[in-house]
Amino acid sequence: MEYSHRYSAYPTQQVAVQLERHIDIHRQAYNHTRYEYGNVDADNVGSAYKHHDRLTDWKDEHPVFAELHSKALQRTVTRFYQNLTNLSRQKQNGRKVGQLKWKSPREFQSMTYSQSGFELKNTSGRRATLWLSKIGDIEIRYHRPIPDEANIKEVTVKKETTGDWSVSFSLETDDTNLPEKPEVDSLDASNSVGIDLGIQDYIHTSDGTIVEWLDLDDEYERLRREQRNLSRKEHDSANYEKQRKEVAQIKRHIQRKVLDYQQKITTWLVTEYDAVFVEDLNVAGMLQGSGNARNKQDAAWRQFIELLEYKADLYGCHVEQVEARGTTKECAACGVETEKPIWVREHACPSCGFEAGRDANAAMNVLQRGFSELGLEWPESTPVETALPTDTDDIHEVSAKRVIETGSLGA
Ligand SMILES: [Zn+2]
């Protein structure tokens with residue numbers, strides 16, 4: 001299994017200068033690869049593997065390339081060919097695409113060490129050290145450990161639009177080291193959960209846990225204010241640049257806060273349950289409304305589901321996406337569909353009389369669909385009416401503050 005961990009990095013002034021210089025040489029190497037790909041009639045262009053053989057000549061002709069770690073230089077050549085592959089894939093999918101462009105400094109802000117030339121050190125505390133060959137030591141904020149069994153394949157150092165630095169480790173875990181998932185036959189209504197992704201609440205589980213939305217009002221207010229300030233600055237002036245960084249910083253802060261929130265909720269879910277079922281977003285008409293805000297929230301939910309799926313393997317939990325269509329309309333007890341406008345918060349079935357909260361009913365449908373997805377019958381011994389907490393006493397509301405501070409949704 002492959003995944004990545006990202007950390008904030010704090011190079012010294014001196015090291016930062018080195019990093020910037022290296023990244024710029026990598027940029028030139030990228031552009032040079034592009035040039036040769038289009039203009040050099042040679043046996044060793046056309047694939048990353050072949051193009052790597054050019055690098056000895058490069059270093060003779062342009063000594064500046066010899067300053068770079070050789071594996072990292074190869075990686076940049078590979079990066080060009082990866083972009084090329086992505087481009088042709090998009091073309092195959094009918095997208096109108098142009099040629100790969102020459103990269104300006106602003107468009108090229110990272111470099112990747114692959115296989116060798118790096119070492120992660122001093123990992124016992126909150127701060128760790130990343131050593132890069134030809135660069136030196138860089139301090140990172142080691143807020144979550146890299147698991148012992150993970151193998152670090154690559155390290156990417158990036159200068160963010162905010163001017164801050166980050167490093168991202170590509171990790172690979174041998175699948176044999178991963179915990180086994182529980183037997184499918186052992187799943188039942190008590191160890192499995194369906195989740196309704198929120199409109200009213202952030203999530204609503206089929207066993208009655210409600211997690212509230214993260215309050216980002218202050219952050220968004222600040223973002224709007226700083227964006228207004230930015231629009232008043234003269235384009236490309238020093239003040240504009242400073243303000244642009246300010247805006248990027250707030251956006252980053254919001255993203256991090258959301259990610260942290262999702263990390264905590266997803267970790268709790270996969271450790272608490274043997275199976276977690278969630279709606280498939282690709283077909284869901286999730287939020288009412290349209291445009292940018294909706295796309296942003298859909299992207300955030302996709303991130304949530306990706307986290308869930310990756311942790312499913314890491315912690316040994318079943319995570320399945322189920323058909324989302326009609327989860328709200330359908331009665332969890334009898335299956336009859338009734339129209340339910342967004343403002344109707346209660347489910348009251350005209351056919352069988354079953355009553356539940358709108359989102360609780362939807363979460364229960366997600367759970368049942370998850371069971372059938374795994375080829376399981378819904379246990380007859382567990383009528384929906386009893387499995388689903390409908391009494392307000394059984395509903396367990398969790399504040400965002402609690403999630404942030406304890407990382408737990410439990411009672
Ligand atoms: Zn019904």
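1. Lys134 is partly exposed, because its relative accessible area is 46%, where buried means under 20% relative accessible area, exposed over 50% and partly exposed in between, with a 1.4 Å probe and protein chains only. Lys134 is found in the loop between β4 and β5 (136–141), the strands being DSSP runs of E of at least two residues and the helices runs of H or I of at least four, both numbered from the N terminus. Although Lys134 is not a glycine, it has a positive phi of about 70°.

2. A note on the basis of these remarks: this is a predicted model, in which local features need pLDDT of at least 70 and side-chain atom pairs count only at pLDDT 80 or more, while totals for chains, interfaces and linings use all residues. Residues are numbered from 1 along each chain as its sequence is written, and side-chain values use heavy atoms, with hydrogens and water left out.

3. Asn122 has its place in the loop between β3 (118–121) and β4 (127–132), and it counts as exposed because its relative accessibility is 52%. As background, most residues other than glycine have a negative phi.

4. His5 lies in strand β1 (residues 2–10) and is buried, with a relative accessible area of 4%. If residues up to four places away in sequence are not counted, His5 touches Arg144, Pro145, Ile146, Pro147, Val167, Ser168, Phe169, Leu171 and Tyr310, where contact means heavy atoms within 4.5 Å.

5. Thr173 is found in strand β7 (residues 165–173) and, at 3% relative accessibility, counts as buried. The side chains of Thr173 and Tyr3 are joined by a polar contact of 2.9 Å. Leaving aside residues up to four places away in sequence, Thr173 touches Met1, Tyr3, Glu149, Ala150 and Leu178.

6. Asp174 is found in the loop between β7 and β8 (192–197), and it is partly exposed, with a relative accessible area of 43%. The C-alpha atoms of Asp174 and Gln297 are separated by 33 Å, the two residues being 123 residues apart along the chain.

7. How do α1 and α4 pack? Helix α1 (residues 13–39) and helix α4 (residues 70–92) meet at an angle of about 50°, with their axes 9 Å apart; the axes are lines fitted to C-alpha atoms, for helices over the stretch in contact, and angles run from 0 to 180 degrees between N-to-C directions. The two helices are therefore oblique to each other, given that angles under 35 degrees count as roughly parallel, over 145 as roughly antiparallel, 65 to 115 as roughly perpendicular and the rest as oblique. The residues that make the contact include His26, Tyr30 and Tyr37 of α1 and Leu73, Phe80 and Leu84 of α4. By class, this contact of α1 with α4 has nine nonpolar, four polar and two charged residues, with Ala, Val, Leu, Ile, Met, Phe, Trp, Tyr, Cys and Pro counted as nonpolar, Asp, Glu, Lys and Arg as charged, and the others, Gly among them, as polar.

8. Helices α5 and α6 pack at an angle of about 160°, with their axes 9 Å apart, and that makes α5 roughly antiparallel to α6. Among the residues that make the contact are Tyr220, Leu223 and Glu226 of α5 and Val247, Ile250 and Lys251 of α6. By class, the contact of α5 with α6 has seven nonpolar, four polar and seven charged residues.

9. Ser237 has its place in the loop between α5 (217–232) and α6 (238–272), and at 21% relative accessibility it counts as partly exposed. A polar atom of the side chain of Ser237 lies 2.7 Å from the backbone oxygen of Glu234.

10. As for the whole, the protein has ten helices and 15 strands, and 44% of its 411 residues count as buried. Its C-alpha trace spans about 80 × 55 × 50 Å along its principal axes.

Conventions: A polar contact is a pair of N or O atoms within 3.5 Å; within protein, one must be able to donate a hydrogen and the other to accept it, and residues adjacent in sequence count only if both atoms are side-chain atoms.
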